[in-house]
Amino acid sequence: MGFFRETGSFYIDRNKERSDETVEGIFTAPWFAALGSILLLDLILSGDNAIVIAMACKSLPEHERLKGVVIGGAGAVIVRVCLTLFATELLGLPYLQFIGGALLVYIAVKLLVDNSEDEGSGKQATTLFAAVRTIMIADFIMSLDNVLALAGVANMVPESKWSLIICGLMISLPIVLCGAQVFLLIMKKLPWLIYLGGAILAYTAAEMMTMDKVIGVYLEDWSLIIKVVLVVAVLSFGWFKNHSMCKCQ
């Protein structure tokens, strides 16, 4: 009995020590420094996610736009939580970033054309479900690198990295939601900014393609040319498609 009592108290003491180490790691100077870095990363990296949400929700009925922004933003954070668990493994998969970049090109063109249909025909070009689906797919594609960067900063304080990751994800939600609302208001006043959003998405797609683990090695020397060509191609295709639809109407 004495042996079991001593063994039990040993494990209790060990667990208490681990718990104390975890608690001590929170709210320390390194923890706040890492949190500040995560906040800065969120401000820089959440812009393209906010643009996608704004472009996807712009063609919704007026009374559904706020609902689309909130649901899409919340879904985007859920996607990031899932990606945080598997980001390193996913980024190690060959061809994933190239395929994701190609899919993002399609989403950029689709959002350009959908928003034009909305303004040109007076009909709603999409539904709430379709907008949220587009947001979730685009956010999954664009958040791979973002999540890995967040996890890398969190590892500055390894004993409390999960508290930093959770705080970072919670901070990113209001940034994305507020950013999407701002972009929505600006796009209503200046519709041509939709093309700027399309250009940003096309540039992000080209960057993902050139950073692929397998194909990116062969594209590295041509990365700038590929980015310029892809941005011009997406904008040109969207512009010609939109103007051809206007002429048909």
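Among contacts in the protein chain between residues at least 6 apart in sequence, what percentage join residues at least 24 apart? The share is 86% in this predicted model, with a contact taken as heavy atoms within 4.5 Å. Local features here need a pLDDT of at least 70 and side-chain atom pairs count only at pLDDT 80 or more, while totals for chains, interfaces and linings use all residues. Residues are numbered from 1 along each chain as its sequence is written, and side-chain values use heavy atoms, leaving out hydrogens and water.

The protein chain holds 10 helices and zero strands, these being DSSP runs numbered from the N terminus (helices, H or I, at least four residues; strands, E, at least two). Of its 249 residues, 43% are buried, that is, under 20% relative accessible area, with exposed over 50% and partly exposed in between (1.4 Å probe, protein chains only).

Turning to the surface, L85, F86, W162, I166 and M170 form a nonpolar patch with about 560 Å² of accessible area together. Such patches take residues with over 30% relative accessible area and no salt bridge, joining nonpolar side chains (Val, Leu, Ile, Met, Phe, Trp, Tyr) within 5 Å and like charges within 9 Å. A salt bridge is a side-chain nitrogen of Lys or Arg within 4 Å of a carboxyl oxygen of Asp or Glu; areas follow the Shrake-Rupley method with a 1.4 Å probe, and for residues only the protein chains shown count as cover. Helix 7 (161–189) gives the largest share of the patch, three residues, and F86 sits in helix 4.

Y95 lies in the loop between helix 4 (62–91) and helix 5 (96–121). Y95 has a positive phi of about 70° although it is not a glycine.
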